[in-house]
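Here are a few exercises to work through with the sequence and the 3D view side by side. Try each task before reading its solution.

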Amino acid sequence: MRKALTAVAVLAAGGAASAFLVSRGDTSQATNPAAQAVPINTTKVTQQTLKDTETQDGTLGFGQSSSAVNRVAGTVTAVPDSGQELRRGNTVYSIDNKPTTLLYGALPAYRRLVIGSEGTDVLQLEQNLKAMGYTGFTVDDEYTDATAAAVEEWQEDLGLDETGVVELGSVLFAPGHLRVDSVQAEEGSPLAPNQPVLSYTGTTRAVTVQLDAADQRLATLNGAVTVALPDGKSVPGKIQKVSTVIIPAESPDKDPETKVEVIVALADQKAVAAWSSAAVDVTFTASERKNVLTVPVAALVALREGGFGVEVTDGTTSRYVPVKTGLFANGQVEISGTGITAGTTVGIPK
């Protein structure tokens with residue numbers, strides 16, 4: 001026999017619902033002829049792919065910015081324009097009329113390279129020399145006499161003294177061709193060592209999203225997202241980088257904020273070519289369950305024995321069946337239990 005009902009709150013990731021606290025009793029109608037009244041409001045168990053999604057504000061731009069820092073004291077004699085794109089072999093800026101040249105490589109330049117130097121930076125230098133057409137040396141991590149000879153040829157082409165030595169500050173290693181984001185130094189101004197000259201980004205458009213720390217579950221590396229553009233179109237994206245950033249306090253009476261910064265790579269660059277910067281909406285999928293049985297969260301009832309159940313009805317009688325819950329998303333909940341199949345009719349408590 002159905003016992004007195006007490007309303008309780010059921011809180012879940014997919015939303016909140018009201019449920020009833022009931023005794024399941026004997027779920028067999030053969031031994032429980034006094035089955036409860038048929039529910040007025042019903043729905044059917046459906047089989048579907050359930051996704052836990054969340055949409056956040058993002059900014060379309062060129063991804064994370066890096067800073068080019070002067071390594072030697074001198075006077076700024078040349079800087080590029082903001083928005084200018086530079087490729088391997090191009091001059092990034094000049095100090096005392098000596099160029100700092102863009103080369104490709106993941107390891108930043110950190111020392112003077114001379115005969116006898118060994119390491120990844122030497123390998124990067126030789127790879128770039130070969131790519132620019134210089135020969136006569138073996139591409140490896142050793143700076144040999146042959147390497148120095150190739151460097152002298154390169155220096156001659158640049159109109160520099162042919163020393164065969166790559167001085168610190170004469171090259172800027174970047175992952176690929178770059179776009180000048182902003183310029184801090186002015187032509188004709190003196191610069192001390194370790195002062196920023198300009199900031200730069202890659203040339204590929206990307207989306208930046210700053211998530212609250214509580215939403216870190218959304219930031220899964222290589223996770224798929226959908227980006228809604230200002231023109232109403234949507235393009236797929238992939239989470240390329242996740243990092244933690246500290247946002248300084250706006251005033252002394254406020255605390256700094258911890259944010260999770262997400263960089264989203266976009267494969268379809270043509271779709272976003274019209275914007276150098278734009279506000280976009282980014283939809284993240286935190287969890288996904290394919291081909292699972294679901295009901296509205298409101299169909300769940302809390303059992304006195306513990307756990308949850310649903311009220312299954314055949315149109316003339318009904319009974320409470322315990323279920324195991326899975327993913328909650330978009331007002332639906334994944335369920336499984338004995339006798340629960342796609343198309344099963346269940347009640348929704350008032």
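**Exercise 1: the second largest pocket**

β9 gives the largest share of the lining of the second largest pocket, with four residues. Before going on, know that this is a predicted model, where local features need pLDDT of at least 70, side-chain atom pairs count only at pLDDT 80 or more, and totals for chains, interfaces and linings use all residues. Residues are numbered from 1 along each chain as its sequence is written, and side-chain values use heavy atoms, with hydrogens and water left out.

Task: Find which elements each supply at least two residues of this lining, and how the lining divides by class.

Solution: 
- Start with the space itself, about 510 Å³. A pocket, on a 1 Å grid over the protein atoms alone, is an open set of points where a 1.4 Å probe fits, with protein on both sides within 12 Å along at least five of seven lines; lining residues have an atom within 4 Å of a point.
- Next, look at the centre: of 23 lining residues, Lys98, Pro99, Leu160, Glu167 and Ser170 lie nearest to it.
- Now the elements: β8 (91-95), β9 and α2 (145-158) each supply at least two residues. Helices (H or I, at least four residues) and strands (E, at least two) are DSSP runs, numbered from the N terminus.
- Finally, the classes: 11 nonpolar, seven polar and five charged. Here Ala, Val, Leu, Ile, Met, Phe, Trp, Tyr, Cys and Pro count as nonpolar, Asp, Glu, Lys and Arg as charged, and the others, Gly among them, as polar.

**Exercise 2: the sheet around β9**

Solution: 
- Zoom in on β9 (residues 98-104), which pairs with β10 in the parallel sense over four bridges. Pairing takes at least two bridges found by DSSP.

**Exercise 3: leucine 50**

Task: Is leucine 50 buried or exposed?

Solution: 
- Locate leucine 50 in strand β4 (residues 46-61).
- Check its relative accessibility: at 3%, leucine 50 counts as buried (under 20% relative accessible area, with a 1.4 Å probe and protein chains only).
- Then look across the chain: the C-alpha atoms of leucine 50 and lysine 290 are 6.4 Å apart, though 240 residues separate them in sequence.

Methods. Buried means under 20% relative accessible area, exposed over 50%, partly exposed in between (1.4 Å probe, protein chains only). Grid points are joined across faces, edges and corners, and a volume is the space filled by probe spheres set on the points.
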